[in-house]
Amino acid sequence: MKKLLLVIDYQYDFVAADGKLTAGQPAQLIEPAILARIAAFQAAGGDIICTQDTHTSQGWKKGHPEAAAFQIHCEEGTPGWALYGGLADLDLETLTKTSYMLEATDIDWLVRDYDVIELCGVVTDICVLQNAIGLYNHAANNGLTVQFRLCPDCVASFNADNHQWAIHYMQNTLGFGLVASVDEMI
């Protein structure tokens with residue numbers, strides 16, 4: 001079985017205290033759990049890919065749809081765009097995305113190449129949830145059997161109620177299995 005840990009947007013602007021759209025302390029506190037999960041996947045021969053939300057000031061000024069709700073963030077090439085903390089020190093594969101969810105071509109090859117896809121990262125109720133929905137729908141619409149999982153200790157949001165709602169939705173509506181602890185076997 002081919003397994004993937006997909007780390008969603010664990011970037012400076014979403015995690016650091018001075019990040020432009022930070023989830024703050026909740027996001028900072030999950031760093032050790034994410035690093036432990038990465039180590040577990042590496043030890044078991046699984047793959048790790050990090051998404052990087054990626055924007056440009058030009059695209060933002062031209063009316064990027066997210067500009068109505070948020071200030072520019074994760075601007076390509078800035079410190080805010082970089083992976084945060086210990087993840088920045090690892091040599092991890094990345095996929096860029098320019099909106100909440102990965103592009104359809106990336107979602108397609110992910111659900112075709114992997115038997116198990118586990119999500120972690122930030123923000124639980126925005127980008128993590130959007131990617132969960134996109135991956136699930138693409139697999140279901142193409143008759144693919146993929147085991148989707150989420151480690152609640154490895155996701156965070158700036159809104160505690162929405163965070164819990166999103167975890168509940170992924171588990172009970174999309175059928176994501178919940179990983180009980182970061183040490184759970186992959």
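Guide: Asp9 is buried, with a relative accessible area of 0%. Buried here means under 20% relative accessible area; exposed means over 50%, and partly exposed lies in between (1.4 Å probe, protein chains only). The model is predicted: local features need pLDDT of at least 70, side-chain atom pairs count only at pLDDT 80 or more, and totals for chains, interfaces and linings use all residues. Residues are numbered from 1 along each chain as its sequence is written, and side-chain values use heavy atoms, leaving out hydrogens and water.

Asp9 sits in the loop between β1 and α1 (12-15). Its phi is near 50 degrees, a positive value in a residue other than glycine. Helices (H or I, at least four residues) and strands (E, at least two) are DSSP runs, numbered from the N terminus.

Leu5 stands opposite Glu118 in β4. Strands count as paired if DSSP finds at least two bridges between them.

Now β4 itself. In strand β4 (residues 116-122), 7 of the 7 residues are buried, so the strand is largely enclosed by the rest of the structure. In a regular strand the side chains alternate between the two faces of the sheet. In β4, Val116, Glu118, Cys120 and Val122 point one way. Ile117, Leu119 and Gly121 point the other way. On to strand β5 (residues 147-156): β4 pairs with β5 in the parallel sense, over 6 bridges. Leu119 stands opposite Leu150 in β5.

Zoom out to the sheet. It is open and has 6 strands, ordered β3-β2-β1-β4-β5-β6, with parallel pairing. The edge strands, β3 (93-97) and β6 (177-178), each pair on one side only. Strand β2 (residues 47-53) pairs with β3 in the parallel sense, over 5 bridges. Thr51 stands opposite Leu95 in β3.

Helices pack on this sheet. Helix α5 (residues 104-113) lies across β1, β2, β3, β4 and β5, at about 140 degrees to β3. Helix α7 touches β5 and β6, and its direction makes about 165 degrees with that of β5. Axes are lines fitted to C-alpha atoms, for helices over the stretch in contact, and angles run from 0 to 180 degrees between N-to-C directions. Contact means heavy atoms within 4.5 Å.

Leave β4 at its end. The peptide bond from Val122 to Val123 is cis, with omega near -10 degrees. Val123 belongs to the loop between β4 and α6.

Next, α6 and α5. Their axes come within 9 Å and cross at roughly 65 degrees. Ile107, Asp108, Leu110 and Val111 in α5 meet Gly134, Leu135, His138 and Ala139 in α6. That contact divides into 5 nonpolar, 2 polar and 1 charged residues. Ala, Val, Leu, Ile, Met, Phe, Trp, Tyr, Cys and Pro count as nonpolar, Asp, Glu, Lys and Arg as charged, and the others, Gly among them, as polar.

Last, α6 (residues 124-141) against α7 (residues 160-172): the angle is about 10 degrees, with the axes 9 Å apart. That makes α6 roughly parallel to α7, a term for angles under 35 degrees. The crossing is left-handed. Among the contact residues are Val128 and Leu129 of α6 and Trp165 and Tyr169 of α7. This contact divides into 9 nonpolar, 3 polar and 1 charged.

Methods: Parallel < 35°, antiparallel > 145°, perpendicular 65-115°, else oblique. Left-handed = near helix turned anticlockwise from the far one by under 90°.
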